[in-house]
Amino acid sequence: MHIVMFGPPGAGKGTQAGLLKDRLNFAYIATGDLFRKHMKEQTELGQLARTYIDRGDLVPDELTIEMLKNEMAKYPDVPGIIFDGFPRTTVQAEALEKMLHDQGDKIDAVLALEVPEDVLISRILNRGKTSGRSDDAERSTVVKRLQKYRELTEPLKDYYRRKNVLNVINGLQDIETVHNDILQALENVVRQ
Ligand code: ADP
């Protein structure tokens, strides 16, 4: 079973993925975390990615997809994978679909966390006070990331709705309630 955590920056994808993976014993792949690891280790990819991330832009598809492929190869025998922060573009969604298809798998559930933009901005700026993330510090960078989300990522909702795997979750509720809604949505998927 493969799950995509979907939603704008600050929606709570990472928090919810963390709760879910502890329960399910799934592999967890967060492309943002992977990029930050590369930046910290100052790899070639990290240095390149930083130029995009610090501006609030997406890292180009080709680099992101290559990194994801390498990461997925580390988990050949898990019961499932939770993807966080991937896919973020149609090209990425199609690449993921093909990769999974080649191994006889598919995306079983997309969990789309919905939170109003004003709340997202304050959540991210608040996180920025302690996270040390350069892309969380400036309001203008945060606004740009949200704009990129609307432009490039949000259209994927329709893509996954058409494939009948989209589950919309109210991300404005407290962490525990969101988690329970997610478990309920996954139960419905398993029962289908
Ligand atoms: P957030 O969800 O708060 O934006 P992430 O940690 O998921 O945080 O991502 C941080 C940054 O890493 C993004 O703004 C983007 O620049 C880059 N990034 C992460 N995932 C992708 C992706 N799938 N495609 C392109 N860029 C990505």
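How many salt bridges does the structure hold? The structure, a predicted model, holds 21 salt bridges. The sections below take the charged pairs, then the ligand site, the nonpolar cores and some local backbone features.

## Salt bridges

One of these bridges joins the side chains of Asp57 and Lys144, with N and O 3.5 Å apart. Asp57 sits in the loop between helix 3 (44-53) and helix 4 (61-72), while Lys144 belongs to helix 7 (residues 139-153), so this pair ties together parts that are 87 residues apart in sequence. Asp57 is buried, at 18% relative accessible area. As a general point, side chains of opposite charge can pair when their charged atoms come close.

Asp108 forms a salt bridge with Lys106, and the closest N and O atoms of that pair are 2.7 Å apart. Lys106 is exposed, with 53% relative accessibility. Another bridge links the side chains of Asp136 and Arg133, at 3.6 Å from N to O. Both Asp136 and Arg133 are buried. These two residues also belong to a network of salt bridges that links Arg127, Arg133, Asp135, Asp136 and Arg145.

## The ligand site

There are 20 residues around the ligand, and Thr31, Arg36, Asp57, Gly85 and Gln92 come nearest.

For Lys13, a polar side-chain atom is 3.2 Å from a ligand oxygen. For Arg127, the corresponding distance is 2.9 Å. For Arg133, a side-chain N or O atom lies 3.0 Å from an oxygen atom of the ligand. Taken alone, the ligand exposes 550 Å², and the protein buries 96% of that area. Arg127 and Arg133 are also members of the salt-bridge network.

With 2% relative accessibility, Gln92 is buried. The side chain of Gln92 makes a polar contact of 2.9 Å with the side chain of Asp61, and reaches the backbone nitrogen of Arg88 at 2.8 Å. Apart from residues up to four places away in sequence, Gln92 touches Asp61, Thr64, Ile65, Phe86 and Pro87.

Thr141 is found in helix 7, the helix that also holds Lys144. Thr141 has a relative accessibility of 9% and counts as buried. Not counting residues up to four places away in sequence, Thr141 touches Asp54, Arg55, Gly56 and Asp135. Asp135 is also part of the salt-bridge network.

## Nonpolar cores

Which residues of the largest nonpolar core touch the most other members? Within this core of 32 residues, they are Leu68, Met72, Phe83, Leu96, Val110 and Tyr160. Helix 5 (residues 90-102) supplies the largest share of the core, five residues. A second, separate core has 23 residues, including Leu20, Phe26, Ile124 and Leu183. In soluble globular proteins, nonpolar side chains tend to be buried together.

Val110 is in contact with Val4, Phe6, Tyr160, Val165, Leu166 and Asn167, leaving aside neighbours within four places in sequence. Leu34, in helix 2 (residues 31-40), is buried at 14% relative accessibility. With neighbours within four places in sequence left aside, Leu34 is in contact with Ile29, Met67 and Glu71. Leu34 and Thr64 are 30 residues apart in sequence, and their C-alpha atoms are 9.7 Å apart in space.

## Local backbone features

The peptide bond from Phe86 to Pro87 is cis, with omega near 0 degrees. Pro87 lies in the loop between strand 3 (81-84) and helix 5. Both Phe86 and Pro87 are among the residues that Gln92 touches.

Asn25 is not a glycine, yet has a positive phi of about 65 degrees. Asn25 is in the loop between helix 1 (13-24) and strand 2 (27-30), and is exposed at 64% relative accessibility. Gln42, likewise not a glycine, has a positive phi of about 55 degrees. Gln42 lies in the loop between helix 2 and helix 3, and is exposed, with a relative accessible area of 56%.

Terms used
Residues numbered from 1 in each chain as written. Predicted model: local features only at pLDDT ≥ 70, side-chain atom pairs only at ≥ 80, totals over all residues. Heavy atoms only, no water. Core = buried A, V, L, I, M, F, W, Y, C linked by side-chain atoms within 4.5 Å. Buried < 20%, exposed > 50% of the residue type's maximum accessible area, 1.4 Å probe, protein only. Helix = DSSP H or I, 4+ residues; strand = E, 2+ residues; numbered from the N terminus. Contact = heavy atoms within 4.5 Å. Near = heavy atom within 4 Å. Polar contact = N/O pair within 3.5 Å; in protein donor to acceptor, adjacent residues only side chain to side chain. Areas by Shrake-Rupley, 256 points an atom, 1.4 Å probe, with all protein chains shown as cover. Salt bridge = Lys/Arg side-chain N within 4 Å of Asp/Glu carboxyl O.
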